[in-house]
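The following paragraphs walk through one protein model. Please keep the sequence and the coordinates at hand while reading.

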Amino acid sequence: KVVAVLATRCEVSLRSGETPMMSKATVGLIWILVFFLFTFSQSTGKSSISGRITIKDKPAQGVIVTLEPPPGEVMADTRGDYITKTDASGYYRFDDVAKGQHLVAPRAYAYVLPVEVPSNKPGRNIKIAAEESVENINFDLVPGAVITGRITDYTGRPAIRERLQVW
């Protein structure tokens, strides 16, 4: 509405016989102003991802949730604030997420979640568009396994700095 009023006043100035050069310049400046206002008033294209973390269908409070680029890719936005914690009801939310592919993964000591193929990393791959709000990226964590014991070499001495693989 403001733009229409400004443009209308410029037309009136032209019709009333004021100097046309000044009025044409004014109209040009107004259109440039309108262009920049329109361009910069548009949304930044940031998106959000949210969900809930549970353990045996009960809210998991204080679980760290990370937002990472897929394996082999670098996050376009390197602010480093793509880590959050769940609230008392188990909910988490990432705001101002750049469009693209992301891996959402909860990190809880002694709990695990299923591994999704193709990333072969725990979490869920999410592709998000500009200004999109992706909700209900939920995870139900289960207790993980713990391996304890002592590792020795063939003579019975402790194996130090040796590689260990478990199948």
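Is Tyr92 buried or exposed? With a relative accessible area of 3%, Tyr92 is buried. The model is a predicted one, and the reasoning behind that label is simple: residues count as buried under 20% relative accessible area, so Tyr92 at 3% falls in that class.

The surroundings of Tyr92 can be listed. Leaving aside residues up to four places away in sequence, Tyr92 touches Ile49, Ser50, Gly51, Arg52 and Ile53, then Val65, then Thr84, Lys85 and Thr86, and finally Val104, Ile137 and Phe139.

Aromatic contacts come next. A search of the whole structure finds 1 aromatic pair. Its members are Tyr92 and Phe94, whose ring centres are 5.9 Å apart and whose planes meet at 65°, so the pair is edge-to-face. Phe94 counts as buried too, at 2% relative accessibility. Another ring takes part in a contact with a charged side chain: Arg124 lies over the face of Phe139, at 4.6 Å from the ring centre. Phe139 is also one of the residues that Tyr92 touches.

What pattern does the protein follow along the sequence? Reading along it gives α-α-β-β-β-β-β-β-β-β-β-β-β-β, with 2 helices and 12 strands in the protein. Among contacts with a separation of 6 or more, 63% are between residues 24 or more positions apart. Of the 167 residues, 27% are buried. The accessible surface comes to about 12,300 Å², and carbon and sulfur atoms account for 58% of it.

Asp57 is not a glycine, yet its phi is positive, at about 65°. Asp57 sits in the loop between strand 1 and strand 2, and with 66% relative accessibility it counts as exposed. Ala110, likewise a residue other than glycine, has a positive phi near 75°. The loop that holds Ala110 runs between strand 6 (100-107) and strand 7 (111-112). Ala110 counts as partly exposed, at 43% relative accessibility.

The remaining topic is confidence. Where in the protein is confidence lowest? Helix 1 (residues 2-15) has the lowest value, a mean of 45, whereas strand 2 (residues 58-59) has the highest, at 96. For the protein, pLDDT averages 76, and 62% of the residues score at least 70. Over residues 1-14 pLDDT stays under 50, and the model has 11 contacts beyond four places in sequence for this stretch. Over residues 39-43 pLDDT likewise stays under 50, with 1 contact beyond four places in sequence.

Note on methods. Residues numbered from 1 in each chain as written. Predicted model: local features only at pLDDT ≥ 70, side-chain atom pairs only at ≥ 80, totals over all residues. Heavy atoms only, no water. pLDDT = per-residue confidence, 0-100. Helix = DSSP H or I, 4+ residues; strand = E, 2+ residues; numbered from the N terminus. Contact = heavy atoms within 4.5 Å. Phe/Tyr/Trp six-rings, centres within 6.5 Å; stacked < 30°, edge-to-face > 60°. Buried < 20%, exposed > 50% of the residue type's maximum accessible area, 1.4 Å probe, protein only. Lys NZ or Arg CZ within 6 Å of the ring centre and 35° of its normal. Areas by Shrake-Rupley, 256 points an atom, 1.4 Å probe, with all protein chains shown as cover.
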